Amino acid sequence: MKLYERLANDIERQVRRGVFRHGDRIPSVRQTSQHHKLSMTTVIHAYLLLESKGIIESRPQSGYFVRLTPASAGNKTNELLSSKPIAVSAQVDVSRLVLSTLRSIGTESAVPLGSPYPDPKLFPLERINRYAYGIARRKTQWGVAAELPPGNPQLIRQIARRYLENGVTVDPNEIIVTLGATEAINLCLQAVAKPGDTVAVESPTFYAMLHAIERMGMRAIEVATHPHEGIDIGALSRLLDTRRIAACMVMPNFQNPLGFQMADERKRELVELLERHDVPAVESDVYNELYFGDAHPTPLKSYDTKGLVLHCASFTKSLTSAYRIGWTIPGRYRDQVEKLKFLNTLTTPWVPQLAIAEYLEKDGYEHHLRRVRKAFAQQADLMVATVKRFFPEGTRTSRPTGGYVLWVELPPDVDSMKLYQLALEQGITIGPGYMFSTTNSYRNFIRLNYSYTWSPEIEKALITVGKLVGVCMR
């Protein structure tokens with residue numbers, strides 16, 4: 001099949017699934033060319049083919065729109081989001097440290113350099129709340145059935161459309177809406193492993209991964225992770241050859257805390273390795289919309305040919321953390337994850353789902369993201385420059401290509417827990433390196449948050465931390 005025929009088939013499939021409806025505008029030729037990494041000529045050929053089949057139509061100076069109506073498509077457009085019946089049927093010890101850190105971050109007077117959350121002032125929460133208020137006024141009767149897995153069809157449709165706009169085709173019937181990415185990760189891990197199993201993780205890794213492993217009585221084994229290239233695939237391969245690994249948990253795009261974006265070829269190599277060993281991968285992709293470059297990063301899921309990648313994402317980092325709406329695309333484990341969602345939390349609140357869906361459909365999500373990306377990229381540069389200028393010699397930083405966290409390696413004799421306590425006394429929070437490992441491997445590391453608008457207060461706090469590092473070295 002030629003490239004333009006494949007693209008045309010993908011778009012037609014999404015139209016017939018109901019991701020794009022009659023009268024909807026599909027992505028422009030330029031946008032599709034950029035995100036699918038195809039020439040504009042190839043995209044034009046695909047659109048012409050779709051036009052000749054009556055799937056889309058061109059409108060002068062407006063773009064291409066879906067022409068296919070539900071009647072002409074038969075019953076196929078009603079297949080969207082039909083859910084199958086649910087069948088009846090070494091220790092991680094970082095939790096206390098993380099909880100203590102999060103509590104200190106919640107103090108109003110504290111400068112949140114250690115916060116794991118983006119600055120809420122960047123988010124259009126008032127607009128989303130207005131949608132929620134309008135929905136609540138329109139809908140007077142509620143029932144549990146409206147909130148059951150897999151989730152609200154309108155939201156799922158918008159999520160699938162967002163993937164297609166970013167160059168990835170997903171089946172909306174595979175998407176399950178969750179209470180944020182944390183629940184998605186927990187459900188997926190529960191679907192592929194059991195208590196006592198060993199799970200491979202990046203080192204360092206985001207503590208939510210370690211929490212999931214701890215909560216389920218599993219063991220984490222850390223795999224060395226390069227600050228620019230990602231998990232050491234050679235080391236993981238040797239591990240898979242010598243030990244039984246139930247699953248691998250990774251963040252290929254803008255990993256927390258390192259901030260790297262794994263190259264596409266390495267993503268493909270990682271998936272191929274796991275497929276050879278029939279080991280599932282739980283992929284957290286919560287920062288994928290917060291890239292600094294020109295093109296949206298590809299998820300690990302896009303290289304999945306056997307349904308072994310359980311993809312998890314959310315709107316909490318890019319749109320609003322107030323509603324805690326996430327989702328998973330769990331491949332061959334889809335039915336099991338849906339069942340676990342039902343057994344664990346039963347539902348995801350319906351009003352927040354629909355409020356976000358209406359915002360995505362009507363209110364300029366891409367414009368919002370461009371503003372946030374620009375702010376994060378600028379603030380990352382400012383924080384790196386300030387750390388280099390005011391921290392002691394021997395300090396090194398990561399080079400994030402997205403997200404909003406900076407990983408800082410301090411001189412070897414600095415204890416990040418001592419630094420954490422000294423900074424807290426000054427009303428400043430930081431993320432000590434101990435939180436990102438099951439060992440003491442990152443004793444002299446800290447994680448900093450640069451999402452908050454740069455201000456004299458932020459700069460002063462960072463300079464103070466640099467001075468306290470010097471105190472810890474004495």
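Asp278 is partly exposed, with a relative accessible area of 44%; buried here means under 20% relative accessible area, exposed over 50% and partly exposed in between, computed with a 1.4 Å probe on protein chains only. Asp278 sits in the loop between α10 and β8 (281-284), and although not a glycine, Asp278 has a positive phi of about 55°. Helices (H or I, at least four residues) and strands (E, at least two) are DSSP runs numbered from the N terminus.

The model is predicted: local features need pLDDT of at least 70, side-chain atom pairs count only at pLDDT 80 or more, and totals for chains, interfaces and linings use all residues. Residues are numbered from 1 along each chain as its sequence is written, and side-chain values use heavy atoms, with hydrogens and water left out.

**Backbone features in loops**

Lys37 is another non-glycine residue with a positive phi, of about 55°. Its place is the loop between α2 (29-36) and α3 (40-52), and Lys37 counts as exposed at 55% relative accessibility.

| Peptide bond | Omega |
|---|---|
| Ser203 to Pro204, cis | near 0° |
| Asn256 to Pro257, cis | near 25° |

Pro204 is found in the loop between β4 (198-203) and α8 (207-215). Pro257 lies in the loop between β7 (247-250) and α10 (264-277).

**Packing of α5 and α12**

Helix α5 (residues 125-138) packs with helix α12 (residues 350-362) at an angle of about 120°, and their axes are 8 Å apart. Axes are lines fitted to C-alpha atoms, for helices over the stretch in contact, and angles run from 0 to 180 degrees between N-to-C directions. That angle makes α5 oblique to α12; angles under 35 degrees count as roughly parallel, over 145 as roughly antiparallel, 65 to 115 as roughly perpendicular and the rest as oblique. The crossing of α5 and α12 is right-handed, a term for the near helix being turned clockwise from the far one by less than a right angle.

On the α5 side, the residues that meet α12 are Arg127, Ile128, Tyr131, Ala132, Ile135 and Arg138. Their partners in α12 are Trp350, Val351, Leu354, Ala355, Ile356, Glu358, Tyr359 and Lys362. Contact means heavy atoms within 4.5 Å. The residues of this contact divide into 10 nonpolar, no polar and 4 charged, where Ala, Val, Leu, Ile, Met, Phe, Trp, Tyr, Cys and Pro count as nonpolar, Asp, Glu, Lys and Arg as charged, and the others, Gly among them, as polar.

Asn152, in the loop between α5 and α6 (153-165), is buried, with a relative accessible area of 4%. Apart from neighbours within four places in sequence, Asn152 contacts Trp350, Gln353 and Leu354. The C-alpha atoms of Asn152 and Gln353 are separated by 6.4 Å, while the two residues are 201 residues apart along the chain.

In helix α11 (residues 334-344), the buried residues are Arg334, Val337, Glu338, Lys339, Leu340 and Lys341. Elements covering them include β3 (176-178), α7 (180-192), β9 (309-314) and β10 (326-329).

Gln379 belongs to helix α13 (residues 365-390) and is buried, with a relative accessible area of 7%. The side chain of Gln379 reaches the backbone oxygen of Tyr452 at 3.3 Å. Neighbours within four places in sequence aside, Gln379 is in contact with Tyr450, Ser451, Tyr452, Thr453 and Trp454.

Terms used
Polar contact = N/O pair within 3.5 Å; in protein donor to acceptor, adjacent residues only side chain to side chain.
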